[in-house]
Amino acid sequence: MSGGEVAGILVAVFWAILVSFLALVLVRLAQTLKATTKMVAEVSEQAVPLLADASATVRSAHTQLARVDAIAADVQEVTANASALSSTVSSAFGGPLVKVAAFGYGVRRAIGKKGEPEPKRTVVLGRTLPGARRGGRRNRRSKD
């Protein structure tokens with residue numbers, strides 16, 4: 001055998017080994033692609049019902065939001081009506097009720113002072129000062 005023949009045999013063996021490795025890689029790649037295809041099919045089978053459920057849920061939420069919007073509008077109208085009613089009652093009865101309360105307070109005070117003697121007045125440098133008030137001044141501090 002000559003050197004050229006030995007080199008040809010070595011190249012042929014090298015190519016055979018290379019083709020074997022490439023065949024092995026291609027077989028592994030084919031297995032990976034089969035597994036990926038199977039997994040994508042399973043995900044698709046599960047995703048379609050989930051998307052249908054999600055769509056139904058979104059539609060239901062939209063319906064509920066429409067109802068809540070209607071309720072909020074009704075509550076706003078009731079609040080406006082209550083505010084108007086409160087304003088009307090306050091303006092119609094507020095003034096007269098304050099006057100009646102002031103009159104009642106004056107009557108109670110007059111009746112309460114009817115039986116008491118005139119408070120003593122003290123003269124200081126030409127001025128008349130009223131006597132001490134009933135009960136005196138209250139302490140402004142809170143009692144603990």
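**View 1. One helix and two strands make up the secondary structure of the protein chain.** In this predicted model, the elements follow the pattern α-β-β when read along the sequence. Helix 1 covers residues 3-114, and strand 2 covers residues 127-129. The protein chain has 144 residues, of which 0% count as buried. Its accessible surface comes to about 13600 Å², and carbon and sulfur atoms account for 66% of that area.

**View 2. Confidence in the predicted model is given per element and for the protein chain.** The protein chain has a mean pLDDT of 84, with 78% of its residues at 70 or more. Among its elements, helix 1 has the highest mean pLDDT, 91. The lowest mean, 59, belongs to strand 2.

**View 3. Residues 6-29 are listed by UniProt as a "transmembrane region".** The listing comes from an unreviewed entry. In the model, the span is 100% helix and 0% strand.

**View 4. A nonpolar surface patch of about 810 Å² includes Ile17.** The residues that make the patch are Met1, Val6, Ile9, Leu10, Val13, Ile17, Phe21 and Leu24. Ile17 is a residue of helix 1. Its relative accessible area is 44%, so Ile17 counts as partly exposed, a class that lies between the cut-offs of 20% and 50%. Patch residues need over 30% relative accessible area, and Ile17 has 44%.

**View 5. Phe14 and Trp15 form an aromatic pair.** The count for the model comes to one aromatic pair. In that pair, the ring centres of Phe14 and Trp15 are 6.2 Å apart, and the angle between the planes is 65 degrees. The pair is edge-to-face, because the class takes in planes over 60 degrees apart. Phe14 has a relative accessible area of 51% and is therefore exposed, the cut-off for that class being over 50%.

Definitions and conventions:
Residues numbered from 1 in each chain as written. Predicted model: local features only at pLDDT ≥ 70, side-chain atom pairs only at ≥ 80, totals over all residues. Heavy atoms only, no water. UniProt positions renumbered as here; feature names shortened; annotations may be inferred. Helix = DSSP H or I, 4+ residues; strand = E, 2+ residues; numbered from the N terminus. Buried < 20%, exposed > 50% of the residue type's maximum accessible area, 1.4 Å probe, protein only. Areas by Shrake-Rupley, 256 points an atom, 1.4 Å probe, with all protein chains shown as cover. pLDDT = per-residue confidence, 0-100. Patch = residues over 30% accessible without salt bridge, like charges linked within 9 Å, V, L, I, M, F, W, Y side chains within 5 Å. Salt bridge = Lys/Arg side-chain N within 4 Å of Asp/Glu carboxyl O. Phe/Tyr/Trp six-rings, centres within 6.5 Å; stacked < 30°, edge-to-face > 60°.
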